Amino acid sequence: MPTKKFVTSQVNSSLMTDLPEQGMEKADFIDDFKQYYVHLLGRDEHTSSPFYAGEALSMSIRDRLMERWKATHHTYKDNNCRRGYYLSMEFLMGRTLSNAMLNLGVTDTVSQAMYDLGIEIEELIACEQDAGLGNGGLGRLAACFIDSCATLQLPVIGYGLRYEYGMFTQSIVDGEQVEKPDHWLRHGNVWEIERLEYSHRIKFGGYVEDHVDENGKQRFCWVGSNDVLAMPYDTPVPGYKNGTVNTLRLWKAVATEEFNLDEFHAGDYAEAVASKIAAENITMVLYPNDSSENGKELRLRQQYFLASASLQDVLSHWISLHGKDFSQFAEKNCFQLNDTHPSIAIPELMRLLMDIHGLSWNAAWKITRSTMAYTNHTLLPEALEKWSVNLMQRLLPRIMDIIFSINASFMAEVAMHWPGEGERLRNLSIIEEGQVKLVRMAHLAIAGSFSVNGVAQLHTQLLQQGLFHDFYQLWPHKFNNKTNGVTPRRWLAGCNPELAALITDTIGNGWVTDLAQLKKLEPYAEDADFRHRWHAIKQAAKARLIDYKKDKHEGELHLNVEALFDVQVKRIHEYKRQLLNVLHVIHLYDRIKRGDTKNWVSRCVLIGGKAAPGYVMAKKIIKLINNVANVINADPDVGDKLTLLFLPDYRVSAMEKICTAADLSEQISTAGKEASGTGNMKLMMNGAITIGTLDGANIEIREEVGDDNFFLFGLTEEQIAARRHHYDPMAIINMDDDLRRVIHLLESAHFNQFETGIFDDLINSIKCPHDPWMTVADFRSYVDAQKRVEDAYRDKDHWTRMSILNCANSGKFSTDRTINEYNNDIWKLTPQPVKRK
């Protein structure tokens, strides 16, 4: 008897709908855990590693997400709703297990279930590898955004790359950063679902042919290319206790042919797998060092791979529902480009619509300009990506042709607006002329988008007045501000459960999804009993951070829990001015050595962050921090008055410990250089008080919390601009005895006695009149502000009141508010309550 062919569409619907719902009681989790641990993973009571218990629990949690994930998918499909797509080269997700339990509302139940089995839930959570698919604020912001989209029940898909190796693991050897591969997928990823059926083919190289079709229209065909397959892996993104589970789709690059058997049989074993290796290199490493031409090419390959795979995916889904009728496409879809990295999506969407789906240039351009929105994240001109035209023509010939056409159309538009202004045309052009012609990707992003936003009030203002001034004059309606935020689920409810419990006991739990409700805490800042409980929770968090430091980092250094925990954790960069922080530490050390310790406030200065592998000066700053720490921490005159510690391998799971314990939040970038910052928000939300310049989101933090609860210092952006042409750091040094002694200690090699000249470049940069970060210009103001910090910290009750008020006024800095603004002003999506069948 012939067997019937299995066809997915013919599967009895009862197979999909008649499954019982997964239970949410303690006994249900215990039963599922045992099933996975014993029958799937094959483990028993003799297994010593907690890793497998963590896997079994994660599978049990994933099952609950899966049924909600499917229900979300069907809700969006049935409602034929408008959708958003968030394209980002980074998604710094961190660990998933604890966040998934929190958002499902089962943390206490699961913790008790594991306890009944003799397992500490914290041990299982700690076993999970951080998904290090980002470098810092950009990637962590993307992770917070998709969390808020799910919590707000907005139909948004995140698109990124599934890097085999994430941001490198940082270790410190002889005070210097050493990068090691972060093979976060070594043991697989229990949270992801491989979706081979949605793979797409990505073109590289080759050439363009043109022909006239049967309707007499000129058509272009990209041929002779070396293709790579984009294979998707989906990760669930649960909303907070609302049944919504959105999708983060990450693309892996694989060869179209993994193995050339003829080459193998001929004895050329390396060549037999050459195409496989070349393809997989695209998603092998997050941000390859692009100081070489090969590195630049790989970065461009990554960016185009992300854009093309994601757009093909969206168009395939559209065609499956609507055929090749794109008349309503712009009404139903919106793409948000997270910085310039994915801006190549603009010409790629044009290519797909014209070359593959037959639309005219005008129709494709109308759709593109109506669906693309661009977020800028930097005020540093050197950080705005530019690619050489020659590289583009060789690697992406059809894309380069389309960019030339976009630019020609754009230049005609500019010339009509400003007739005869050749200089303005050159300034605005997407193509930068010169010995080496370059494609200005930020200009492409602005020209091809209907919305351009900055990420803090000052940042957006400076974009409009400076970096993109001509664009703003041309299209003022495109520009808007969307101040960043962080998700309160991970960054307060999840990472600081003791403080979250106190807040909930006091004002209810509505704040978890409406952070503005934290404002209700303000009156309790005057309640002595509440302050006492708040202070006790903060001290317990500091004790836990000390224990974490002992577990994770070598050395017998003692940290004083009563000391001021002074924290600066962020990417190491000159504009973020970790160097200014070190100068202040040296100043405190100098005071101790001179006996100037009356009314001394003990201080633990904690600095963490990674330097880009090719960023020499940032690496020297790390070396200086560690050398200064070695001297200070070993000096018996110092004792516990002052401690300096560099925390290696800063990442999401480390920040979850650090932000709960911080007393002082260092946000000391040169005014006008930081776009926004989000670490400042995480620290504020957990009760740290900010010392900072008027830069990025610091301005709005100060507006929210008030000047009395913020330690302001430094020149403003306008003052820096006015002083830049006559900046004389040597005069400043010579006029300030404290600063002069600090520089003398550096120049006398007090911190590098056996490493002659190692810090000369740093010292010279401080003394250089062309120092773009103007470090010493803010030294005296910074020292004075730090004295105000000490005066405030001496009165622990007063400090606790300030801490409470900082938390109480952090409501603005939730990504729920940010995403609502994106949606109201840009995306125009309708929330979709999920229907469970």
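Analyst: Ring pairs link Tyr85, Tyr159, Trp251, Trp318, Phe326, Phe329 and Phe335 into a cluster. Here rings of Phe, Tyr and Trp (its six-membered ring) pair if their centres lie within 6.5 Å; planes under 30 degrees apart count as stacked, over 60 as edge-to-face, and the rest as tilted. This is a predicted model, in which local features need pLDDT of at least 70 and side-chain atom pairs count only at pLDDT 80 or more, while totals for chains, interfaces and linings use all residues. Residues are numbered from 1 along each chain as its sequence is written, and side-chain values use heavy atoms, with hydrogens and water left out.

The structure holds 27 aromatic pairs. One of them is tilted: the rings of Phe530 and Trp534 are 5.8 Å apart centre to centre, with 45 degrees between the planes. Both residues belong to helix 23 (residues 528-552) and are four residues apart, about one turn of the helix. Helices (H or I, at least four residues) and strands (E, at least two) are DSSP runs, numbered from the N terminus. An α-helix has 3.6 residues a turn, so residues three or four places apart point the same way. Phe530 and Trp534 are both buried, where buried means under 20% relative accessible area, exposed over 50%, and partly exposed in between (1.4 Å probe, protein chains only).

Rings also lie under charges. The charged end of Arg64 sits over the ring of Phe29, 4.4 Å from its centre. Lys682 lies over the face of Trp491, at 4.7 Å from the ring centre. For such a case, NZ of Lys or CZ of Arg must be within 6 Å of the ring centre and within 35 degrees of the ring normal.

Next come the nonpolar cores. A nonpolar core is a set of buried Ala, Val, Leu, Ile, Met, Phe, Trp, Tyr and Cys residues joined through side-chain atoms within 4.5 Å. The largest has 113 residues, and those with the most contacts inside it are Phe305, Met392, Leu396, Phe410 and Trp827. Helix 11 (residues 293-322) gives the most to this core, with 10 residues. Apart from it lies another core, of 64 residues, including Phe711 and Ile766. In soluble globular proteins, nonpolar side chains tend to be buried together.

Phe305 has contacts (heavy atoms within 4.5 Å) with residues including Leu161, Phe204, Trp251 and Ile282, leaving aside those up to four places away in sequence. Trp251 is also one of the residues in the ring cluster.

Glu297 lies in helix 11. Its relative accessible area is 14%, so Glu297 is buried. Not counting residues up to four places away in sequence, Glu297 touches Leu391, Arg394 and Leu395. The C-alpha atoms of Glu297 and Thr256, 41 residues apart along the chain, are separated by 20 Å.

For another buried helix, take helix 24 (residues 578-593): 15 of its 16 residues are buried, so it is largely enclosed by the rest of the structure. Just after helix 24, Gly595 takes a positive phi of about 80 degrees.
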